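Subject: Structure handover

Hello,

Here is the structure I promised you. Please open it and keep it on screen while you read the notes below.

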Amino acid sequence: MSKLPAATRDWLAGPGLTRLWEAVRNRLESNGVQTTGSLRLTSVSTQERNDLSLLLGKPITGAAVTVRLDPLDTRLRASAAGLGLREVLEELGPPLTDRRAVRAGIAARREHVWSSLASALDASPLAGQEWTGQWYDLLRRTGVPRGVTPDVAVRTLQQAVRVLTVLLGPETGGTRGRGELAVLTTGSAHGLDDGTWLARLVQRGIALAHSTEFPGDAAGRRALWRLVSVTPDEVSSTVLTYGLRPVGGGWREHALRQRADHHAEAHLTPRDLHDLPLRLPAGTVIHICENPRVVEAAADAACVRPLVCTSGSAATVVLTLLDALAATGCRFAYHGDFDWPGIALANRIIRRYGAQPWRMGAEDYEGLAARSQAGGIPQLALGGRPVGADWDPGLAPAMTALGVALHEEVTLDLLVDDLSDRA
């Protein structure tokens, strides 16, 4: 319930005083909510002059007026309002915010984040090591990620010190899995998942402790974990392959050749690629596709040519396999979707491996579009921003002109024919 008499409140809330209260609110919220100093209103209207004259108890005749806050506070207390300036403002609008105090509080909480980190380091077995000072300075420069509250920041930084103490302290222990380490230090098996702020904090510390660069890709981050005897998850992500026949006498090479002989696809994990030095005869042409359906169709048709599937935008495990094959002298041919993300991925693969486009020219696109339309296949609208194709300057204009997206499944019969060719 309002503390102001109804008639008084209605008059004070009228349009003639609106600008005054807005200006006073801004002044109080910026000066620690002190009713001191003065403010100036310009371009004062006739109604504002009349209402200000009544409020201030003096005639206002000009187009500008200076309002001193102390006398206004005193006059309001002695008036029918019976409340001071601050109380009147809160009756007419939301509670006042002491922005100066808010800023001071934010600064204090921010400083607490870093003082708590310094204290945690000083109390740990890592204290005094050169790299810990570098780590602290680096983290303070980069700051806390957007959206992370001070309380969460304090907890996460202390967890990072705990993890690094386990990994780099005097009692490091033996090899352990990353999930096991996460449970031990955070209580959650996912506490050190790749991409989390905690994982990045720990990885930064490992890199500094070992005087190595911070890696920019997943393979490099896995290598960083191995420096401290932590085995990251190397079995959940896979790359889909078909027809790979690596040379060598090991059981892994033999297993892949057996699957190729039986026209069966193979899912390879990062662990497989780490343990299996894939060597194919130099000059072997590896076809690369984007969609798993192409692999399935190739297996059903007992195709003979080797195939690797990116399964959309190629993940690290896909690039790791292709890197290994490229290192043995393999060559590549790439096919993907005729949409803008598909062209972007094709550019990425073709640039990285010098791959040949595989049925990916403007003529291929136009022929497929005509064939699908003649076959009564519903046309999928091409959306998004155009992407130029490195291998064919005419492809993007042709796609833009027709405005139709074509996925690999539309080309399936032609791709299977190519993969069946024994020549």
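Alanine 302 comes after helix H14 and has a positive phi, near 55°. Keep in mind that this is a predicted model. H14 itself runs over residues 292-300. Which of its residues are buried? They are Val294, Val295, Ala297, Ala298 and Ala299.

Start with S5, where you will find threonine 241. Its relative accessibility is 1%. The cut-off for buried is under 20%, so threonine 241 counts as buried. Now look at what threonine 241 touches, leaving out residues up to four places away in sequence. The list is Glu265, Ala266, Leu268, Val295, Leu307, Val308 and Leu321. Val295 is one of the buried residues of H14.

Next, go to S7, which holds histidine 287. Is histidine 287 buried or exposed? Its relative accessibility is 8%, so histidine 287 counts as buried. With residues up to four places away left out again, histidine 287 touches Arg305, Pro306, Leu307, Val308, Ala333, Trp358 and Leu419. Leu307 and Val308 are also touched by threonine 241.

Now move to tryptophan 391. It sits in a loop, between strand S11 (380-381) and helix H18 (395-402). Its relative accessible area is 18%, so tryptophan 391 is buried. What does it contact, apart from neighbours within four places in sequence? The residues are Ile343, Ala346, Asn347, Ile350, Pro357, Met360 and Gly361.

Which helices supply at least two lining residues each? They include H9 (178-186), H11 (218-227) and H15 (316-327). H11 gives the largest share, with four residues. By type, the lining divides into eight nonpolar, six polar and six charged residues.

Last, zoom out to the whole chain. The protein chain has 19 helices and twelve strands. Buried residues make up 44% of its 423 residues. Along the principal axes, the C-alpha trace spans about 105 × 70 × 35 Å. How does the radius of gyration compare with that of a compact globule of 423 residues? The globule would be near 22 Å, but this chain has 35 Å. Contacts along the sequence are worth a look too. Take those between residues at least 6 apart: 67% of them join residues at least 24 apart.

Best wishes

Notes. Residues are numbered from 1 along each chain as its sequence is written. This is a predicted model: local features need pLDDT of at least 70, side-chain atom pairs count only at pLDDT 80 or more; totals for chains, interfaces and linings use all residues. Side-chain values use heavy atoms; hydrogens and water are left out. Buried means under 20% relative accessible area, exposed over 50%, partly exposed in between (1.4 Å probe, protein chains only). Contact means heavy atoms within 4.5 Å. Ala, Val, Leu, Ile, Met, Phe, Trp, Tyr, Cys and Pro count as nonpolar, Asp, Glu, Lys and Arg as charged, and the others, Gly among them, as polar. The radius of gyration is taken over C-alpha atoms; the globule rule is 2.2 Å times the number of residues to the power 0.38.
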